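Please look over the sequence and the structure below before reading on. The briefing that follows goes through the chain topic by topic, and it is meant to be read with the structure in view.

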Amino acid sequence: MKQKIADFDSLLSPLESSVLKVLWPSKHLRVKEIHTHLKKNKVALSSVAVICDRLHDKGLLKRDIETSEKDCVRYVYFPSQNKANFEKSVIDKAVNNLLNTFGSTAVSYFNERFKRKK
């Protein structure tokens, strides 16, 4: 069975997840290079560019500007955090939301749940 990055479907689109999967091994890539890695998904180059821009707006990607010999300007994208830190931030937000919504009931649940895991 093919493993997903994680089950972030409610947070990220499948294409966003795929782009992050390509970039998380600490790569700095241009949109065209990311597209090359994703060609088997039959995704348009313009779609990859839009997704990279969205991930940048969400703070998940950073980008540098690269100028070529012909004065063409293009972005080089790279992850703003590694996969482990991203996963921790997702978990942290989820736990905080549960605590804010359910308060002491959530705390009791966590205590019972983790007591069983030991």
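Predicted model: local features only at pLDDT ≥ 70, side-chain atom pairs only at ≥ 80, totals over all residues.

**The second largest pocket**

The lining of the second largest pocket is made up of six nonpolar, three polar and two charged residues.

- The space in the second largest pocket comes to about 240 Å³.
- The residues that line the second largest pocket are L11, L12, K58, L60, Q81, F86, S89, V90, K93, A94 and N97.
- Rolling a probe the size of a water molecule over the atoms shows where empty space is left.

**The chain as a whole**

- The chain holds five helices and three strands, and when these are read along the sequence they give the pattern α-β-α-α-β-β-α-α.
- Of the 118 residues in the chain, 26% are buried.

**Helix α1 and its buried residues**

- Helix α1 covers residues 14-23, and it is mostly covered, since seven of its ten residues are buried.
- The buried residues of α1 are L15, E16, S17, V19, L20, V22 and L23, and they pack against β1, α2, α3 (45-57), β2 and β3.
- When residues up to four places away in sequence are not counted, E16 touches L11, I51, R54, L55 and K58.
- S13 lies in the segment before α1, and at 27% relative accessibility S13 counts as partly exposed.
- Although S13 and I51 are 38 residues apart in sequence, their C-alpha atoms are 9.1 Å apart in space.

**Helix α2 and H35**

- H35 is found in helix α2, which takes in residues 31-38, and H35 is buried because its relative accessible area is 13%, where buried means under 20%.
- A polar atom of the H35 side chain lies 2.8 Å from the backbone oxygen of V43.
- Leaving aside its neighbours within four places in sequence, H35 is in contact with V43, A44, L45 and V48.

- How far apart are the end C-alpha atoms of helix α4? They are 28 Å apart, which agrees with the span of 28 Å that the 20 residues of α4 (residues 83-102) should have at 1.5 Å a residue, because the expected span is 1.5 Å times one less than the number of residues.
- At the start of α4, a side-chain oxygen of N82 comes to within 3.2 Å of the backbone nitrogen of A84.
- Just after α4, G103 has a positive phi of about 55°.

**Two loop residues with positive phi**

- S26 lies in the loop between α1 and β1 (29-30), and its phi is near 60°, a positive value in a residue other than glycine.
- S26 is exposed because its relative accessible area is 61%, and the cut-off for exposed is over 50%.
- D71 is found in the loop between β2 (61-67) and β3 (73-79), and it has a positive phi of about 60° although it is not a glycine.
- D71 counts as exposed, with a relative accessibility of 64%.

**K62 in strand β2**

- K62 is found in strand β2, and with a relative accessible area of 44% it is partly exposed.
- The C-alpha atoms of K62 and P79 are separated by 6.0 Å, while the two residues are 17 residues apart along the chain.
- Not counting residues up to four places away in sequence, K62 touches H56, V76, Y77, F78 and S80.

Definitions and conventions:
Residues numbered from 1 in each chain as written. Heavy atoms only, no water. 1 Å grid on protein atoms, 1.4 Å probe; cavity = no way out; pocket = protein on both sides within 12 Å on 5 of 7 lines; lining within 4 Å. Points joined across faces, edges and corners; volume = space filled by probe spheres on them. Nonpolar A, V, L, I, M, F, W, Y, C, P; charged D, E, K, R; others polar. Helix = DSSP H or I, 4+ residues; strand = E, 2+ residues; numbered from the N terminus. Polar contact = N/O pair within 3.5 Å; in protein donor to acceptor, adjacent residues only side chain to side chain. Contact = heavy atoms within 4.5 Å. Buried < 20%, exposed > 50% of the residue type's maximum accessible area, 1.4 Å probe, protein only.
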